[in-house]
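This briefing covers the pockets of one protein model. Please look over the structure shown here before reading on.

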Amino acid sequence: MKIVISHGSGGISSAETFARDFFESKGYDVHLIDYFTPHGIDRIRWSEKEPDNYDVTFKEMFNVDFPKGDLVHIGFSLGAFLGIVNHAKFVKNYLFYPGVLGITQEMLDVDYSNASVILCGNDKGKYKYEKFKSLLKKPPLAEYMLPYTHHAFMIEDINFEFNMVRYNTTDNIMSSEEFSQLKPNHKYLSEQYGHTTSYTHLLFDKEMRWQYLNHIEEDINETFPSIRKRNNIHKSSV
């Protein structure tokens with residue numbers, strides 16, 4: 001079993017590296033998935049002041065060469081959406097504050113019952129995931145709403161406020177062809193779907209970070225009894 005971790009719109013941050021170090025310290029084989037660098041992307045800003053202008057599509061970015069074997073996925077924000085798109089490849093799939101960018105019928109037909117979703121009460125963008133979930137035939141069985149947390153709460157010491165661009169890409173179910181054209185390009189997305197802006201506050205929560213990383217480890221141990229046995233042996237020998 002391997003753990004793969006997918007970053008959010010800011011690229012690999014302390015959210016991903018802390019999670020990697022947490023699980024590696026407990027003996028897990030962990031892989032960080034960088035789906036930006038191969039396409040020349042440093043970050044996606046979702047901003048009118050600094051509009052994104054990339055030509056690579058999200059479908060191309062999300063076409064990741066994952067390691068072989070049983071995979072547990074942990075995704076943050078845009079990385080959680082990568083996890084949704086690739087869900088069938090994972091034994092377990094943990095989705096932190098997923099940023100849903102589009103919905104296809106193919107996505108709705110997938111069985112997500114083995115996924116766990118962590119949502120933030122102070123995340124104004126969560127309505128897109130909630131709409132997606134409402135259309136699913138087999139939604140995630142585990143969902144946690146953290147009423148006082150903000151988007152990106154897993155990033156160490158983040159405390160950042162800005163007007164975030166939100167494109168109206170989840171108003172309708174897209175064809176696979178339409179979805180394949182979506183790209184982090186402000187001009188394209190705004191012309192095709194229109195957009196709004198809303199005040200967004202990204203804020204770290206140390207307690208919740210520890211709580212949910214420990215929860216994920218416990219869940220992994222339940223899913224893979226051999227790992228629990230290994231960990232119990234290790235604890236008894238310490």
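Which element gives the largest share of the lining of the second largest pocket? That share, 3 residues, comes from α6. The model is predicted, so local features need pLDDT of at least 70 and side-chain atom pairs count only at pLDDT 80 or more, while totals for chains, interfaces and linings use all residues. Residues are numbered from 1 along each chain as its sequence is written, and side-chain values use heavy atoms, without hydrogens and water.

**Terms**
- A pocket is an open set of points on a 1 Å grid over the protein atoms alone, where a 1.4 Å probe fits, with protein on both sides within 12 Å along at least five of seven lines; lining residues have an atom within 4 Å of a point.
- A volume is the space filled by probe spheres set on the points, which are joined across faces, edges and corners.
- Helices (H or I, at least four residues) and strands (E, at least two) are DSSP runs, numbered from the N terminus.
- Ala, Val, Leu, Ile, Met, Phe, Trp, Tyr, Cys and Pro count as nonpolar, Asp, Glu, Lys and Arg as charged, and the others, Gly among them, as polar.

**Largest pocket**
- The largest pocket holds about 990 Å³ of space.
- It is lined by 46 residues, with S9, I44, R45, W46 and F162 closest to its centre.
- β7 gives the most to this lining, 7 residues.
- The lining has 22 nonpolar, 14 polar and 10 charged residues.

**Second largest pocket**
- The second largest pocket holds about 210 Å³.
- Among its 14 lining residues, T104, E106, M107, S176 and F179 lie nearest the centre.
- α3 (78-85), α4 (105-108) and α6 (176-180) each give two or more residues to this lining.
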